[in-house]
Amino acid sequence: MGLKKVWFVTGASKGLGLSLVNQLLKAGQSVAATSRNVNDLIAAVNSNSENFLPLAVDLGDEISVEQAINATIAQFGKIDVVINNAGYGIGGSIEELTDEETRSAFEVNVFGTLNVIRKASPHLRAQRSGHIINIASIAGIVGATGWAVYSAAKAAVIALSEVLAEDVKAFGIKVTVVAPGAFRTSFLTPESLVLAQNPIAAYEDVRAVHAKYLKMDGAQAGDPEKAAAAMISLVSMPNPPIHLLLGNDALQRATSKTDALTKEYQDWKAITISTDY
């Protein structure tokens, strides 16, 4: 894993976040980990190590995020790696999901990530080093029936990460956006997945797709421990990727999307270029 670093990991009480924290602590790294419920986080990690700093954070609240960043620096002296892992799934057609449900999903999946980046960046910029790893999803590249809002939120994470990488590279800060496929975590359980509170009967295809996904719980192909190890390995690389897919399913979906886009662009090339002066 290389030299000892200070890691700031959000959404650390379950899933990939918990795997990350456990592996980092086992390797002797310093870890500040966040969760809305710090007691759940402490119970899940079950560590008395001086290298572990559990933090209760509301990622939608800039003050809460700033306090967590400051507490991390007060405890460990710096931050080297930021992993924006916190997020949750939301299913339903756009018509079915209320404005409140939709905004809440963006609040955590997008604006929480932006708040952490905004508050951590001054410190990374001042030390002219660091690595920001944002966890998106293959859904942000290839959407599926019934997951429009989730796909939109994760697509936003991918897009902002791509430009962030350009904006901060002059300061020695690296950025990677990770798009996992299906992993055997708690993602498909009620604590990590919200479905439309007011489903509309006409959306039969949406219900069918949701039922299919829910049946996958506990049988996903991806191993979260291997995913965590892969993400940790990025930090020791001199030239890490800006985009990283995790899982063979993610690779297959992304490749199919790329091929389909290329074909569609070429099929409609005549109209596309007809608009130039």
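Which residues does Asn 85 touch, not counting residues up to four places away in sequence? The legends below take up this and other sites in a predicted model.

**View 1. Asn 85 and its contacts.** Asn 85 sits in the loop between strand E4 (81-84) and strand E5 (89-91). Beyond residues up to four places away in sequence, Asn 85 touches Thr 10, Gly 11, Leu 16, Gly 17 and Ile 135. Asn 85 counts as buried because its relative accessibility is 13%, under the 20% cut-off.

**View 2. Strands E2 and E3 with the helix that links them.** E2 (residues 30-35) pairs with E3 (residues 52-56) in the parallel sense, over five bridges. One of the bridge pairs joins Ala 33 to Pro 54 in E3. From E2 the chain crosses through helix H2 (residues 38-45) to E3, in a right-handed β-α-β crossover.

View 3. Asn 37 caps the N-terminal end of H2. A side-chain oxygen of Asn 37 lies 3.0 Å from the backbone nitrogen of Asn 39. After H2 comes Asn 46, with a positive phi near 50°.

**View 4. Thr 34 in strand E2.** Thr 34 belongs to strand E2. At 1% relative accessibility, Thr 34 counts as buried. Not counting residues up to four places away in sequence, Thr 34 touches Phe 8, Val 9, Thr 10, Gly 11, Ala 12, Leu 41, Leu 55 and Val 57. Thr 10 and Gly 11 are touched by Thr 34 and also by Asn 85 of View 1.

Definitions and conventions: Residues are numbered from 1 along each chain as its sequence is written. This is a predicted model: local features need pLDDT of at least 70, side-chain atom pairs count only at pLDDT 80 or more; totals for chains, interfaces and linings use all residues. Side-chain values use heavy atoms; hydrogens and water are left out. Two strands pair if DSSP finds at least two bridges between them. Helices (H or I, at least four residues) and strands (E, at least two) are DSSP runs, numbered from the N terminus. A crossover is right-handed if, with the strands pointing away from the viewer, the path from the first strand over the helix to the second runs clockwise. A polar contact is a pair of N or O atoms within 3.5 Å; within protein, one must be able to donate a hydrogen and the other to accept it, and residues adjacent in sequence count only if both atoms are side-chain atoms. Buried means under 20% relative accessible area, exposed over 50%, partly exposed in between (1.4 Å probe, protein chains only). Contact means heavy atoms within 4.5 Å.
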